[in-house]
Amino acid sequence: MKAMVPAGILIAVLLFPAALVLCNFPATLKLERAFPVGQRVELSQLRARDLLRHGRMLQSSSFGVVDLPVAGTYDPFLVGLYYTKVQLGSPPKEFYVQIDTGSDVLWVSCGSCNGCPTTSGLQIPLNLFDTGSSSTASLVSCSDRRCSVGVQSSDASCSSQNNQCSYAFQYGDGSGTSGYYVSDLLYFDTILGGSLTSNSSAQIVFGCSTSQTGDLTKSDRAVDGIFGFGQQDMSVVSQLASLGVAPKAFSHCLRGDEAGGGILVLGEIIEPNIVYTPLVPSQPHYNLNLQSISVNGQTLPINPSVFTTSSNQGTIVDSGTTLAYLAEAAYDPFVNAITNAVSQSAQPVVFKGTQCYLITSSVTDVFPQVSLNFAGGASMNLRPQDYLLQQNSVGSSAVWCIGLQKLQGQGLTILGDLVLKDKIFVYDLAGQRIGWANYDCSMSVNVSTTMNTGKSEYVNAGQLNNNSSKRNKPYKEIVISMISFLMHVLLLGSFLVL
């Protein structure tokens with residue numbers, strides 16, 4: 001028997017596309033006549049066509065925003081690093097890994113590891129990955145194309161003896177790790193269409209550490225491994241982008257307060273105040289063209305060639321570095337400018353070889369703003385808390401010390417967590433640029449991810465934690481409001497039919 005459609009339902013059907021737009025379906029759709037003009041259509045046919053159309057719309061989106069939790073803080077007296085949690089293998093196993101934009105590879109400690117810590121002062125459980133316990137794990141051989149790509153970027157090496165793709169990394173602090181590559185599932189949360197989808201997965205290549213040395217062996221702030229967010233092909237960002245799972249971009253906003261944590265997404269955070277500067281091309285790290293430094297608006301007398309990128313100098317963005325470092329030739333002019341600026345309100349003292357200051361007022365009232373000026377007219381404005389560290393107190397005076405360290409005998413400038421905190425940072429790898437803006441990282445953000453249609457989807461990533469109810473709340477409120485509105489329309493329609 002054919003269903004007669006009440007007037008209220010007709011009104012609701014006409015209004016329903018508006019609800020879909022509010023719930024993050026595409027705002028413009030191609031119109032096509034599905035049924036001849038004047039032909040009565042059964043409600044079941046309309047429902048079937050709508051379901052088919054919605055299915056096509058969902059399939060047209062190649063990826064959403066990959067959402068990763070963040071813990072830790074920049075403060076070297078508390079934690080001194082930021083880390084995230086990943087799930088690997090089948091069944092999935094959790095691993096805590098440091099967020100590091102200064103390296104490419106994701107690696108975790110594996111069974112029979114020499115020097116791998118077993119406990120952590122961060123009060124997190126440490127795990128070992130076991131290839132034999134994962135039903136989806138496989139070793140990466142030297143003949144594997146992914147290994148060949150890693151060899152080209154110096155992220156992998158091969159031994160003719162066992163045909164096993166392996167690696168050995170040495171970090172700037174003297175620590176090191178070595179092991180072999182494994183292919184297995186990585187699980188992650190994805191935000192798509194305003195909804196959080198848990199347990200999405202993709203097959204990736206990551207390192208299985210069998211040896212660790214230096215600070216990596218210490219248990220005071222031990223984690224399970226390092227998550228390299230570099231731009232080479234072995235990075236997870238590049239792998240997921242090549243699989244069509246995520247865009248070739250990622251963003252973070254690291255909280256600078258004692259609570260720490262923050263936001264980390266594969267996607268581009270959208271914020272009106274973000275300024276961009278191009279990446280220096282053909283570099284293994286995130287090198288930027290720093291052109292000058294200003295204190296209170298006055299450009300310091302530093303030869304611009306000090307910051308020119310070469311094999312042993314340049315400016316690097318590195319979230320795996322706790323503090324920040326200035327090229328040797330730039331350090332003294334910077335410290336002298338700060339000392340001169342506060343000469344009337346702070347007492348300079350040298351504490352353990354570092355320039356410090358005794359102050360009795362608020363640090364923001366005493367110290368000047370510093371600007372790092374980059375190519376393209378992009379300036380990074382630093383508050384006093386972004387270049388100073390509070391050490392202790394002497395009587396009623398607070399002791400603040402220069403947090404930007406000197407790299408003795410080196411021309412490198414490294415922007416670590418001291419500088420990166422309390423700012424949105426966007427790494428647009430497809431566009432080969434990095435952007436930033438000062439921001440309260442305890443607040444939510446808007447994230448854009450380019451779809452196959454060429455459009456963008458905006459979602460509220462919120463404060464990333466295990467509770468997704470907060471970030472889904474705006475979308476739930478929209479849906480509830482629309483349902484309530486449609487119920488009123490249906491009620492009105494019933495009166496019209498009567």
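# Briefing on a predicted protein chain with six disulfides

Counted along the chain, the bonded cysteines of this protein follow the disulfide pattern 1-8, 2-3, 4-6, 5-7, 9-12, 10-11. The model is a predicted one. It holds six disulfides in total, and the protein chain contains eight helices and 32 strands. Of its 498 residues, 49% count as buried. Among contacts in the protein chain with a separation of 6 or more, 67% are made by residues 24 or more positions apart.

**Disulfides**

- A disulfide is a covalent bond between the sulfur atoms of two cysteines.
- Cys113 and Cys116 are joined by a disulfide with an S to S distance of 1.6 Å. The angle about the S-S bond is 60 degrees, and the link of Cys113 and Cys116 is right-handed. Both Cys113 and Cys116 are buried.
- Cys142 and Cys158 form another disulfide, with their sulfur atoms 2.2 Å apart. The link of Cys142 and Cys158 is left-handed, with -120 degrees about the S-S bond. This pair connects distant parts of the chain, 16 residues apart: Cys142 lies in the loop between β6 (138-139) and α3 (145-152), and Cys158 lies in strand β7 (residues 157-159).
- Cys356 is joined to Cys401 by a disulfide with an S to S distance of 1.9 Å. The torsion about the S-S bond of Cys356 and Cys401 is about 100 degrees, and therefore this disulfide is right-handed. The pair links distant parts of the chain, 45 residues apart, with Cys356 in strand β22 (residues 354-359) and Cys401 in strand β26 (residues 397-402). Both Cys356 and Cys401 are buried.

- Strands of a sheet pair through backbone hydrogen bonds, either parallel or antiparallel.
- Four strands of this chain form an open sheet in the order β18-β17-β23-β24, and their pairing is antiparallel. The edges are taken by β18 (298-299) and β24 (379-382); each has a single partner strand, so one side of each is left without a neighbour in the sheet.
- Within this sheet, strand β17 (residues 290-295) and strand β23 (residues 370-374) pair in the antiparallel sense over five bridges. Leu290 stands opposite Phe374 in β23.

**The second largest pocket**

- Rolling a probe the size of a water molecule over the atoms shows where empty space is left.
- The second largest pocket holds about 1200 Å³ of space.
- Its lining consists of 47 residues, and those that lie nearest the centre of the pocket are Tyr171, Gly172, Asp173, Asp318 and Gly320. The elements that contribute two or more residues to this lining are β4 (93-100), β8 (164-170), β11 (225-228) and β28 (411-415).
- By residue class, the lining of the second largest pocket comprises 19 nonpolar, 19 polar and nine charged residues.

- Asp215 is placed in the loop between β10 (195-213) and β11. Its relative accessibility is 35%, so Asp215 counts as partly exposed.
- Apart from neighbours within four places in sequence, Asp215 is in contact with Asp173 and Ser175. Asp173 is also one of the residues that lie nearest the centre of the second largest pocket. Asp215 and Ser175 stand 40 residues apart along the chain, while their C-alpha atoms are separated by 5.5 Å.
- Ser319 is found in the loop between β19 (313-317) and β20 (324-327). Its relative accessibility is 2%, so Ser319 counts as buried.
- Setting aside neighbours within four places in sequence, Ser319 is in contact with Ile99, Asp100, Thr101, Asp417 and Leu420.

Terms used. Residues numbered from 1 in each chain as written. Predicted model: local features only at pLDDT ≥ 70, side-chain atom pairs only at ≥ 80, totals over all residues. Heavy atoms only, no water. Disulfide = S-S within 2.5 Å. Buried < 20%, exposed > 50% of the residue type's maximum accessible area, 1.4 Å probe, protein only. 1 Å grid on protein atoms, 1.4 Å probe; cavity = no way out; pocket = protein on both sides within 12 Å on 5 of 7 lines; lining within 4 Å. Points joined across faces, edges and corners; volume = space filled by probe spheres on them. Nonpolar A, V, L, I, M, F, W, Y, C, P; charged D, E, K, R; others polar. Pairing = 2+ DSSP bridges. Contact = heavy atoms within 4.5 Å.
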